[in-house]
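The following exercises are each set as a task with a worked solution.

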2 protein chains.
Amino acid sequence: MPDFTSRIRPCYDGSLTLETERRSSDIDVEELACHLLSRDFLRRQRKVLQVLQGEHIFSKTQQMNLSRPERYRLGLARAKAIQRIVRRHGWDDDHYRMAEYLNDEMSPYHLHGTMFVTTIKEQGSEPQKAYWLPQIESWSIIGCYAQSELGHGSNVRGLETVAKWDPVKKEFEIHSPHLTASKWWNGSLGRTATHAVVVAQLLLPRAPSGKPTATRTGLPTATAEPKRVTAAEEEFESHGPQPFILRIRDERTHQPLPGIVIGDIGPKYGYASMDNGYMLFNHVRVPKEAMLSRYAEVSDEMGTLNRKGHPAVVYGSLTFVRGQIIMHARLVLARAVTVAVRYCCVRRQFRDRDSRSEDDEEMKVLDYPTVQIRVLPLLATSFALHYTGEYMYKLYHQSRQTIEKGDFGPLAELHSASSGLKSLCTMLAADGIETCRRAMGGHGFGGGSGLVGLNADYLSKPTVEGDNWMITQQVAAYLIKKMTEAVENREALPKDPTDELFQFYLKSRSHRVPQSIANEDGLIDDEAIVDAFRWRAADLSYRAYQARVVEQKPWTRLMIQLHSLSRAYSEQILVTNFYNSLDSTPSTLSEPTPLVLRTCFRLYALFTLDSFASAFTLTNAVSSDTIYSLPDVILELMADLRPHAVKLVDAWSIPDWLLDSALGRSDGKVYEDLFDRAHRRNPLNRVTFDPRWESEDIVLGSGDGGRQVLAKL
Amino acid sequence: MPDFTSRIRPCYDGSLTLETERRSSDIDVEELACHLLSRDFLRRQRKVLQVLQGEHIFSKTQQMNLSRPERYRLGLARAKAIQRIVRRHGWDDDHYRMAEYLNDEMSPYHLHGTMFVTTIKEQGSEPQKAYWLPQIESWSIIGCYAQSELGHGSNVRGLETVAKWDPVKKEFEIHSPHLTASKWWNGSLGRTATHAVVVAQLLLPRAPSGKPTATRTGLPTATAEPKRVTAAEEEFESHGPQPFILRIRDERTHQPLPGIVIGDIGPKYGYASMDNGYMLFNHVRVPKEAMLSRYAEVSDEMGTLNRKGHPAVVYGSLTFVRGQIIMHARLVLARAVTVAVRYCCVRRQFRDRDSRSEDDEEMKVLDYPTVQIRVLPLLATSFALHYTGEYMYKLYHQSRQTIEKGDFGPLAELHSASSGLKSLCTMLAADGIETCRRAMGGHGFGGGSGLVGLNADYLSKPTVEGDNWMITQQVAAYLIKKMTEAVENREALPKDPTDELFQFYLKSRSHRVPQSIANEDGLIDDEAIVDAFRWRAADLSYRAYQARVVEQKPWTRLMIQLHSLSRAYSEQILVTNFYNSLDSTPSTLSEPTPLVLRTCFRLYALFTLDSFASAFTLTNAVSSDTIYSLPDVILELMADLRPHAVKLVDAWSIPDWLLDSALGRSDGKVYEDLFDRAHRRNPLNRVTFDPRWESEDIVLGSGDGGRQVLAKL
């Protein structure tokens, strides 16, 4: 047979196409890449990539042909290999994290280095830290974090696992009173971990009436007041969820300890390499030291709880985690957009309907506005996410010092902003992956898209670490509180950006006129865009305040409205930060990059405005004329952005190895790679099957009536 | 250890919960089920279910733990088993299709019984049918349909595979001139089929100048005029794509025939059991009879093409297929909604924020409006899809007779409507699955949701059988043509519903006043709702006509607008058919079902209206007051629907075995089933791993440094 792979028609030659695309834009890709990711990040990426690419175990070529149990085995083997490489090369934490990023699967070790160690560090007493941290850092134990349960995820206060204080033996009894009390979903627990942080309801004996069972030595906390518990526990009362550190498996046999049932919860949408687990306790006794006691300790004598200090600092690290989620979301979205932009340039389909000549080539599909409207606003969104992610990091580090000094003022604002942004950004990225996939037509559905695994894994994000619809209620509650304060004290000194916004709003609302986003010359007025987003957010906050505080409407009745409020508020943050970055970037970036970024800003903002047009008109944020003009403005912005699309995605510097995508290859060899995956790498093609229904054989001449597979059913 | 599964707290007892839910509604589920699905369907479903459930090979319990190559093996084994069962029980086609539906995976035999046999029947000459149909019906050959290629999917005219007529030997030479000419994606081709219908560009020798190489004996066709081809083919000209039937594999060895390269294209998002394939030809000779020649035949003497009759009837069956897609979409959506509704009743999380008592139970999450707004409009949508699916079937059967008589008048309308609806309905279902999944929070991401496979498979639908964004262009082109005719001849007798709508619009547009959807008593006016949808569709059609015909704007510039037009037009069909069904159902259904269906109609329509509010105001379809009132109206409709939600999904009668969902079980034993899947059915839990990074073992004490898995990389 001839070598078909060398027969590429010039018009379908992806390498030529991407070369042409890159020549059509003057963006300095390396400069922009450094601006987005830093020179350090890029250097580290190259270095780690080279090492991983050199080890066969990290090869991604057969990953999609493995079963879920095989994927866990491989995941564990890779996690171990990375540990050995880290030690061999003396890599620091940043390099380790880069290896995880490029390995691109949720490692069975993941929780050890994140929630497990963080919880010990933040909630352990000094002696506890002295005891545990060396074991953690040497990886002589492997930990996980067991908070959520079969029956409770978001509602931490509803957790059912109990830790009952035995005042005689001075120890705790950990117990799962019901099936729904089973720990569930906890990563690294199912097959890997030797230890766990277990969050359980602390039960202390009820004090003789009149005597408190809890004392406070620090500031007031957010934790609940003691609550009566039912039935057999009648003589005990709950002091809310507390973290305990437990040995859960035998170090020699790796079997669960007596009284503990543990396992992996089974296949999921994604995370095939991760052993999300379950765990049940049957009256398991643990020593007093198991309770992490930096902020609360049970006194030996009385069995009372002494609270110490302010665990609010814990919310600080939650905020940091959410900042990371935004930065992660931008790279996930950038990855999907990279694939879509490159493939949609290489892919041609149909000649222009208005074409007069049979000799015209078929159009690149990225030249169709129906493809642009799906892909280019997402390209712009990846930059919007970036500048807000940076802003959140900065804010976090600034506030961190204030918080460490005992001033928890900035925490509420930071927590609210990060919650709303977590909800919005993970949704934008999760939906964005699928939008990109569909924009790629049929081949988008194939394994060569490189999006199958990314999608399956990322789909967890909208519901974990705070469900995207649930946490917006917290954002709205905060905004209502702030608006109430602003209404009640209009002259107070603004403490944060929300105060500033709300005070401005309250001063101007009586004479507000819906704005146009064009200035007198008919050009786009960027400040007017920012103003529109801020006005909508403030006005929706005021409506929520009216409904809840003034009209006293039931909370549940307002929930949908409050969710929209959180979204509007978060979009305002994205738009404001993107806009502010435009002023600071020109000095470091050469033309035309600053101009192109401005186009991205406008496209992101106006596409969003168009999608929520009726909320913008309802709130008098913009005029109807503005709304009606948007489709044409957006078409023009997309036309402006189009020539730079390939170089913009190049700047995100996602290595081909990580993309693992035939469609998204940086060299454009889309069809060659698709064919290679099918023809050379597909193990199914090495087997000859027997398709006749009368035959018992599945594989031709094997005498195997499907027995091999059936044995697994 | 105690038996944890028996420890269920009453408030988390799903069986009790669903019993209570069912008692709270007076809907007669069986009656509604018969109305939706017919008594025959339900009887057949019970019968086939019983047989499949009894055979181990159809067990779904381990499916998610199999690798993709294993899934193909299993798929083939099941396809064969179904053939044997069909013969053993003497099942007819309806029973066979029911078995496929319940088996719930794309069978490697799928194309044989669909596109392969349909194409032979519709495009084969009488002698060809006499020769092939007996072999097809006895399954002594297994066929597939090879149209789309690596480089071309939507644009059939751009296919690159050629079938060149050899005037000396009187045979065709099938050839793939470029890599992108490779047949691609074709189901059942990769490993299964022995025969294929191959669509190739027919190349005939260029006639001496002045003489035609094609004659017509029938009506004009939509097929292209001869087109010059390039380079080496200079002396030939293309007569467009034609279907050929080819033997592709040896019946004994099942190896591809000489000159043919075939294989499976590899893993995809879904369809793991299906061998989507690729195929390349290297100058393969086939006899003249290979070309299916009902509508076109090459004359032996001259090598000219004789076209006979009108292949438009082929578009008729395309329309029928699209009708089926709508009916399928409704069941897919119903399935996702069934799971979400049941689970969201059983799942409780948080007490009402306004609750005053610690003793209040946590709320069922379906009582949160933020969950309702995601799930209940989709529940309503499943019914909207149903009534339009029925309408399309009826229309198809009515028109079929007219078309068979040679009157192709109704075909354009039917084709347009079915294209727009395919795009809209598959999008609603695909997005709906994911919306339901997210509404279920964390557990929605688990394998116990039962949506993992459904989602992965169904995600193909928005891009296959006509890409959802591409085919809307055809709809818009049709509507522009119809509007042009209506403008040019305002008094013509309306030939179809579109004519009626456009004539009404043109008569009323000068004095249109935006409507309210409430009547004088403040009640919802259903006719006004229908009017609003129809007006928007007509007005957007008029705008498109203005832009394209009057202002002569470039087609590409209008594409986004035209896509929205198609959607608006299709939504108008859904709303109109749903509304019309309300008048005809009360006679057959007992109360409160007709009332509840009316609530579904209103919820679907007003939720849609709210989502596209600015298009409805822009077109003067409804007043701004209507728009601003919608959130409250929708909240009330959802509250009305809420008590009936469980019984409404029960009526869709999706068997538990098909749902394969812990969350969606009809008996509500959600937590018991989740635990059983994890604890008893998960093969990973039978293995003890060695998590220490220093150890070469993956499995404890195995001495296997992951070699088993690594060998597959």
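A salt bridge is taken here as a side-chain nitrogen of Lys or Arg within 4 Å of a carboxyl oxygen of Asp or Glu. The model is predicted, so that local features need pLDDT of at least 70 and side-chain atom pairs count only at pLDDT 80 or more, whereas totals for chains, interfaces and linings use all residues. Residues are numbered from 1 along each chain as its sequence is written, chains are lettered from A and ligands numbered from 1 in the order in which they are written, and side-chain values use heavy atoms, with hydrogens and water left out.

**Exercise 1. Salt bridges**

Task: Determine how many salt bridges join chain A and chain B, and how many the whole structure holds.

Solution. Step 1: between chain A and chain B the count is 12 salt bridges. One salt bridge between the chains pairs the side chains of A:Arg9 and B:Glu160, at 2.7 Å from N to O.

Step 1: over all chains, the search of the whole structure gives 105 salt bridges. An example within chain A is A:Arg285 with A:Glu171, whose closest N and O atoms are 3.1 Å apart. This pair links distant parts of the chain, 114 residues apart: A:Arg285 belongs to strand β11 (residues 284–287) of chain A and A:Glu171 to strand β3 (residues 171–175) of chain A. Helices (H or I, at least four residues) and strands (E, at least two) are DSSP runs, numbered from the N terminus.

**Exercise 2. The interface**

Task: Describe the extent and composition of the interface between chain A and chain B.

Solution. Step 1: contact means heavy atoms within 4.5 Å. On this criterion 157 residues of chain A are in contact with 157 residues of chain B.

Step 1: the size of an interface is often given as the accessible area lost when the parts come together. Buried area is the accessible area (1.4 Å probe) that two parts lose on being put together, summed over both. For chain A and chain B the buried area is about 14100 Å², and carbon and sulfur atoms give 64% of it. A:Tyr269, A:Phe445 and A:Trp693 supply 7% of the area that chain A buries against chain B, more than any other three residues.

Step 2: a polar contact is a pair of N or O atoms within 3.5 Å; within protein, one must be able to donate a hydrogen and the other to accept it, and residues adjacent in sequence count only if both atoms are side-chain atoms. Across the interface of chain A and chain B, 76 residue pairs are in polar contact, with both residues at pLDDT 80 or more. Helix α4 (residues 68–89) of chain A contributes 12 residues, the largest share of the side of chain A that touches chain B.

**Exercise 3. Backbone geometry**

Solution. Step 1: the cis peptide bond runs from A:Glu591 to A:Pro592, with omega near 5°. A:Pro592 is placed in the loop between α16 (555–584) and α17 (593–611) of chain A.

Step 1: A:Phe350 lies in the loop between α8 (312–346) and α9 (369–404) of chain A. Although A:Phe350 is not a glycine, its phi is positive, about 70°.
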